[in-house]
Amino acid sequence: MADLVSHPDEVRVVSRRFGLGATELDRYLELDGYKAVQKALAMEPDAIINEVKNSGLRGRGGAGFSTGMKWSFVPKQSPKPKYVLCNGDESEPGTCKDRLIFEHDPHAVIEGVMIAALAVSSQTGYIYIRGEYRYLSVIMQKAIKDAYARGFLGKNVFGSGKDLDIYWHGGAGAYEVGEESALMESLEGKRGIPRIRPPFPAVVGLWGGPTVINNAETLASVPHILLGGADWYSKIGTPKNGGTRLFCLSGNLEKPGVYELPMGYNLKKMIYDVGGGIPNGRELKAVVPGGSSTPVLLPEEIDVPMDFDSLMKAGSMLGSGGVVVLDDTNCIVKFALRTMKFYQHESCGWCIPCREGTDWLKKTLTRFHAGGGLKKDIDNIQYLSENMLGRTFCPLGDAAAMPTIAFVKKFRDEFEAHLEGKPCPFEEEGAVEQLPVLAH
Amino acid sequence: MQFSAEFETRFGEMLTHYPTKRSVLVPTLLYAQDEAGFLSDEVIHEIAARLDLTELDVRNVISYYSMLTTKPRGKYNVQVCTNIACMLRGGEELYAHCRKKLGIGHKGTTADGTFTLEEVECIGACSWAPAVQVNYDFHENLTVEKLDKVLEGYKK
């Protein structure tokens with residue numbers, strides 16, 4: 001069980017019930033549980049969609065697309081069944097927020113899926129939880145069972161005459177499956193290979209039916225929006241970036257943890273005030289602001305509001321809310337290598353630019369960190385990465401390339417410090433096995 | 001091939017959740033592996049037969065998912081995260097310590113069959129790094145000393 005933290009600047013919306021025993025259905029009901037879905041049952045589907053649109057809620061998985069807009073793309077009439085899919089395959093390095101939602105407030109996810117289903121006139125939802133989170137799958141299975149037992153799910157939910165089924169599903173270890181179309185393949189019992197788009201999931205998704213797929217945090221936010229109103233929710237954040245976000249602070253911080261802060265909260269304040277600053281008298285070196293796939297920021301770039309648009313303007317991305325902080329004892333080449341090792345491991349191999357690109361980048365960065373780099377390789381890293389961008393079926397290729405481009409661009413001197421037989425300046429002597437410099 | 005009653009109940013229930021039988025495959029493989037220790041030829045044959053798939057279909061899926069294995073593992077699978085957030089807080093030191101202490105490398109198993117060691121990618125414990133997962137149990141905010149105690153606890 002993960003530890004909870006708190007800070008006075010927090011605005012508790014999604015985390016409102018954390019630590020309050022809301023996994024028990026009765027407790028959840030005491031804490032305004034299942035009120036939002038009852039409200040939704042009395043609304044027209046379009047009214048639900050409009051409320052969510054007006055709230056400014058944007059996808060918490062990383063892409064930041066308007067949730068209400070996504071729902072509106074689902075065709076009203078469909079010969080095939082429509083589905084709602086909750087993406088709980090949280091695996092972006094730096095991100096550990098959905099875990100807390102499932103652990104402390106599973107019914108909020110169920111309720112969010114129910115409301116999404118009502119909004120798009122679907123009768124079936126799935127909650128996909130990554131395989132490593134077995135204890136959360138157990139919690140979710142019980143929560144679903146309890147909801148069925150009370151008649152909140154199944155036939156004639158809350159006496160509305162509507163039928164609505166929600167099921168859990170489990171993964172078995174794959175970052176790639178967090179990508180929407182790969183997740184659907186996985187749920188259909190296949191390898192998580194992404195699908196080509198268009199058609200988008202809203203039109204052709206699970207088993208060919210129109211499908212809404214949202215991140216767990218996104219869906220857990222929905223009941224609060226319906227109860228508090230779009231106006232209230234949108235005003236918590238910044239323009240076009242409604243509400244709050246669970247920020248996962250990690251790395252070299254005094255007080256790492258998952259904090260719920262308003263969208264647009266200043267990153268510098270997040271690091272030095274909420275996160276307690278850098279321990280051991282060290283200096284800040286770099287921040288990865290939204291999970292491993294987002295371009296790194298320098299200390300002079302962190303006076304920025306943490307919302308989707310501001311981070312985009314700053315040349316990075318808000319991503320999945322994973323703020324990874326590096327102090328000045330860390331080697332950027334090593335950090336870039338570890339990041340690439342991850343993407344190389346997770347690339348499904350379907351698209352050649354991603355499969356080959358991540359592999360060559362890993363090899364090049366390994367050689368670099370081991371002192372075997374050549375000056376021309378610095379440009380090669382850049383060139384390889386740039387050639388992956390936009391050339392793959394899914395964003396994994398971009399996710400590997402974008403941070404790498406930023407590492408090279410912003411820390412070129414550090415790459416140069418590793419050239420032609422020079423040992424890594426950050427490692428103790430002999431800690432890294434030196435690799436030979438290849439012939440020019 | 002005998003699975004537990006709990007497995008059979010869950011399997012039977014899950015089949016009713018989807019329009020296609022095949023959809024139960026990924027979670028079913030993981031639960032089967034939990035009971036059998038690994039996905040042996042016998043287990044693969046059984047699951048393929050139950051879901052009207054070829055064994056090749058099933059193997060194809062197994063090879064994609066990092067948690068699934070066709071090779072026996074020790075009783076406790078010690079999964080040390082060395083991804084970025086854990087690396088910044090000593091994940092690599094924990095992994096090096098495990099290698100030395102257990103005398104095995106990545107995906108190796110101790111001679112007595114107690115521990116398998118695995119260097120894994122992000123397990124979703126970034127804010128409580130460094131972290132290790134032993135089978136499904138999370139152990140967080142670790143130091144070498146704390147990890148020693150954790151491993152001793154499993155030996156008993």
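In strand S10 of chain A, A:Gly322 is the bridge partner of A:Cys248. Helices (H or I, at least four residues) and strands (E, at least two) are DSSP runs, numbered from the N terminus. The model is predicted: local features need pLDDT of at least 70 and side-chain atom pairs count only at pLDDT 80 or more, while totals for chains, interfaces and linings use all residues. Residues are numbered from 1 along each chain as its sequence is written, and chains are lettered from A and ligands numbered from 1 in the order in which they are written.

Two strands pair if DSSP finds at least two bridges between them. S10(A) also pairs with strand S8 (residues 284–288) of chain A, here in the antiparallel sense and over four bridges. In that pairing, A:Val325 of S10(A) stands opposite A:Val287. S10(A) itself spans residues 322–327 and is mostly covered, with five of its six residues buried. A residue is buried if 20 or more other C-beta atoms lie within 10 Å of its own, exposed if 12 or fewer, and partly exposed in between, with C-beta atoms placed from the backbone.

The domain assignment of chain A gives domain 1 (25–236), domain 2 (247–327) and domain 3 (332–416); such bounds come from an automatic or database domain assignment. The C-alpha centres of domain 2 and domain 3 of chain A are 22 Å apart. Between these two domains, eight residues of domain 2 of chain A are in contact with 10 residues of domain 3 of chain A, where contact requires that the C-beta atoms, placed from the backbone, lie within 7 Å. The domain 2 side of this contact consists of five nonpolar, three polar and no charged residues. In this classification Ala, Val, Leu, Ile, Met, Phe, Trp, Tyr, Cys and Pro are nonpolar, Asp, Glu, Lys and Arg are charged, and the others, Gly among them, are polar.

Helix H13 of chain A covers residues 332–346. Its 15 residues reach 21 Å from the first C-alpha to the last, close to the 21 Å expected at 1.5 Å a residue; the expected span is 1.5 Å times one less than the number of residues. Because 13 of its 15 residues are buried, H13(A) is largely enclosed by the rest of the structure.

Chain A also holds an open sheet of four strands in the order S3-S2-S1-S4, with parallel pairing. Strand S3 (165–170) and strand S4 (211–215) of chain A stand at the edges with a single partner strand each, so one side of each is left without a neighbour in the sheet. From one strand to the next, the twist averages 20°. Strand S2 (residues 124–129) of chain A is joined to S3(A) by six bridges, and A:Gly125 has A:Ile166 as its bridge partner in S3(A). Helix H7 (residues 134–149) of chain A lies across S2 and S3 of chain A and runs at about 165° to S3(A). Helix H9 (residues 216–228) of chain A packs on the sheet as well, touching strand S1 (83–88) and S4 of chain A, and its direction makes about 95° with that of S4(A). Axes are lines fitted to C-alpha atoms, for helices over the stretch in contact, and angles run from 0 to 180 degrees between N-to-C directions.

Chain B has seven helices and four strands, arranged along the sequence as α-α-α-α-β-α-α-β-β-β-α. Of its 156 residues, 40% count as buried. The four strands form an open sheet in the order S2-S1-S3-S4 of chain B, with mixed pairing. Strand S2 (115–120) and strand S4 (137–139) of chain B are the edge strands, each pairing on one side only. Six bridges link strand S1 (residues 76–81) of chain B to S2(B) in the parallel sense, and B:Leu117 in S2(B) stands opposite B:Val78. Helix H6 (residues 91–102) of chain B lies across S1, S2 and strand S3 (132–134) of chain B, at about 145° to S1(B).

The contact between the chains takes 49 residues from chain A and 35 residues from chain B. On the chain B side, helix H2 (25–36), helix H4 (55–62) and helix H5 (84–87) each supply at least two residues. H2(B) gives the most, with five residues. By class, the chain B side divides into 23 nonpolar, nine polar and three charged residues.
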